[in-house]
Every structure is written in C-alpha cells, then in structure tokens.
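Here is a short note for a colleague who is meeting this structure for the first time. Please read the points with the model open.

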Amino acid sequence: MRDAAVICRDRGPAATTWQDLKIEGRLLIDPILEEIDHADACVAEISSANPNVLFEAGYALARNKPLYLALDETDNEANKAWEGLALVDTVGRVNYGGSARCLPNASWN
C-alpha cells in the first residue's frame, strides 16, 4: 500500500498511509481515525484479514466514506481469508495482483 500511495501522489490524488501520520507519543488509532474522518475515500488492503485494518474499514463505513477493499487475488491464503469473512459477502473488492503499480490503475467501482 505504501508503494501504491506514492504512485497515487505522483499522479495527483492525495494518498496517506498510517506510516505518514505523526504518531510520536500518541496512540496509533487516534491519528488513523482522524485521517479517515478527513478522507474523501478509503482503501483497505485486506489480504491478511488484519483485525486493525478490518476495524478501520468498518469505521470508514460507519462514517459513510466510500470504501475500497483491495485484495491480492494471486495469494491463495488471501482468497481463503476473504471467503471466510461472511461480513464481506455483499461487499465488492479491487483485485490488484499484489502489485503496487496495478492498484492505482484498478477499476474503482
């Protein structure tokens, strides 16, 4: 996601990752939620079904932010994790083949 954010920035759209946030001396969740609140849309890379990312994705949805779930469909474990998450049965996803160069070019529908 860091590489995809850099590519997006090079093309014009603002993109922020959690690593870009000023987190020194703060709980990590506070600046992340603040950034979600200020974002026009959010992309969550869910290939590993990371609980923190899933929480942040849920928060973005609760804040009525357009949310794009990105999945490396070439990763068998990621596909299994997606299929095991019943809560995303009716949610679309963006496949990006594990390549940061593909994500900014993905169809964001």
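The numbered points below go from the basis of the model to the fold, the core and the salt bridges.

1. Basis. This is a predicted model, in which local features need pLDDT of at least 70, side-chain atom pairs count only at pLDDT 80 or more, and totals for chains, interfaces and linings use all residues. Residues are numbered from 1 along each chain as its sequence is written, and side-chain values use heavy atoms, with hydrogens and water left out.

2. Overall layout. The protein chain has four helices and three strands. Helices (H or I, at least four residues) and strands (E, at least two) are DSSP runs, numbered from the N terminus. Their order from that end is α-α-β-α-β-α-β. Of the 109 residues, 33% are buried. Buried here means under 20% relative accessible area, exposed means over 50%, and partly exposed lies in between (1.4 Å probe, protein chains only). The accessible surface of the chain is about 7100 Å², and carbon and sulfur atoms hold 50% of that. These areas come from the Shrake-Rupley method with a 1.4 Å probe; for residues, only the protein chains shown count as cover.

3. Three strands form an open sheet in the order 1-2-3, with parallel pairing. Strand 1 (42–45) and strand 3 (94–95) are the edges; each has a single partner strand, so one side of each lacks a neighbour in the sheet. Two strands count as paired if DSSP finds at least two bridges between them. Strand 1 and strand 2 (residues 67–71) are joined by four bridges. A44 has L69 as its bridge partner in strand 2.

4. C42 sits opposite L67 in strand 2. From strand 1 the chain passes through helix 3 to strand 2, a right-handed β-α-β crossover. Right-handed means that, with the strands pointing away from the viewer, the path from the first strand over the helix to the second runs clockwise.

5. The core. The largest nonpolar core has 15 residues, and I36, C42, A44, I46, L67 and L69 touch the most other members. Helix 2 (29–38), strand 1, helix 3 (51–62), strand 2 and helix 4 (76–84) each supply at least two residues of this core. Such a core is a set of buried Ala, Val, Leu, Ile, Met, Phe, Trp, Tyr and Cys residues joined through side-chain atoms within 4.5 Å.

6. Helix 2. Which residues of helix 2 are buried? They are P31, I32, L33 and I36. They pack against strand 1 and helix 3. Leaving aside residues up to four places away in sequence, I36 touches C42, E56, Y59, A60 and K65. Contact means heavy atoms within 4.5 Å.

7. L71. This residue of strand 2 has 0% relative accessibility and therefore counts as buried. L71 and I46 are 25 residues apart in sequence, yet 5.8 Å apart in space, C-alpha to C-alpha. Beyond four places in sequence, the contacts of L71 include A78, W82 and V94.

8. Salt bridges. The count is two, taking a side-chain nitrogen of Lys or Arg within 4 Å of a carboxyl oxygen of Asp or Glu. D37 pairs with R63, their closest N and O atoms 2.9 Å apart. D37 lies in helix 2 and R63 in the loop between helix 3 and strand 2, so the pair ties together parts 26 residues apart in sequence. E77 and K80 meet at 3.6 Å, N to O. Both lie in helix 4, three residues apart, about one turn of the helix. E77 and K80 are exposed.
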